[in-house]
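Good morning, colleagues. Please look at the structure on the screen while I go through its packing and its sheet.

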Amino acid sequence: LPSSPSNSKQTTPHKMTKLQEQMKSKIDGAQFRYLNEQLYTTTGNAAFSMFQKDPELFDVYHRGFTAQVEKWPENPIDGFIDMLKGVKSPLCVADMGCGEAALAQALVGSKHTIHSFDLVARNKFIVACDIAKTPLKDGEADVVIFSLSLMGTDVLSFLLEARRILRKGGILKIAEVKSRFEGDCLDNFLATLKMIGFQLLPPFPTSVSKTQGTSNGAGSGDVDNKMFFLMTLKKRKEVGPATWGKLPAFTLKPCVYKRR
């Protein structure tokens, strides 16, 4: 119940005790793990609907994700930022699953046009959408980036959208956690990209012996990167389902963050 005006006093913000901070951290961690699991085990469209109904979930997820990133030796998005800062000619870039649009924010004032897409538009840089259905025109983008954002059960639909919005000769950049590729998954993943019209460019990922004909990953640019595969591909031609044949099956293993 509200206190009576005669007894009301101006109060300062309550500082949580150490125990309260620990409890809040555990609750936030549990919410993050739940949302993370949902994002990996549902379609992009279903995830978009869920977050649009409750946009605050986006903040909960990204607080947890940021806490995880702080423990990593590096964040792939920083490498993409540095890469684009080094390109003088203006580019149209699509950042798919952009999070808080770190790429766009870091490149304010550059010649590049950055389109940032994610499930919720939590700042002025982001356009909310299912990244399998972006508002960009066919062939509009010079570069498409997936930085740890190939989540969900319909990854192929995200890759097909990248192919649609890229111009011929456009570049696809992918950074993903290595542990997501088990067994033949990496080779099948790259074979699928090749069949839908992409050419893998060197430096190659470390396990492309069957797809690229390398012997043991020699010459790979990320052999020292113990955490991520970093891939660069070029859109080489327009191809349609009639020319694909049967695409190799691949399933990227979900990233599961353990309870601490």
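I begin with phenylalanine 146, which touches Met96, Ile131, Phe158, Leu159, Ala162, Leu172, Lys173, Ile174 and Ala175, leaving aside residues up to four places away in sequence; contact here means heavy atoms within 4.5 Å. This is a predicted model, in which local features need pLDDT of at least 70 and side-chain atom pairs count only at pLDDT 80 or more, while totals for chains, interfaces and linings use all residues. Residues are numbered from 1 along each chain as its sequence is written, and side-chain values use heavy atoms, with hydrogens and water left out.

Phe146 and Phe189 have the most contacts inside the largest nonpolar core, a set of 36 residues. Such a core joins buried Ala, Val, Leu, Ile, Met, Phe, Trp, Tyr and Cys residues through side-chain atoms within 4.5 Å, buried being under 20% relative accessible area with a 1.4 Å probe, protein chains only. Among the elements that each supply at least two residues of this core are β4 (141–147) and α7 (185–195); helices (H or I, at least four residues) and strands (E, at least two) are DSSP runs, numbered from the N terminus. A second, separate core of 20 residues includes Phe48, Phe65, Met151 and Val177.

Now the sheet. Seven strands form an open, mixed sheet in the order β3-β2-β1-β4-β5-β7-β6, where pairing requires at least two DSSP bridges between two strands. β3 (126–128) and β6 (198–201) stand at the edges with a single partner strand each, so one side of each is left without a neighbour in the sheet. Three bridges join β2 (residues 113–118) to β3, and the two run parallel. Serine 116 has isoleucine 126 in β3 as its bridge partner.

Key: Buried < 20%, exposed > 50% of the residue type's maximum accessible area, 1.4 Å probe, protein only.
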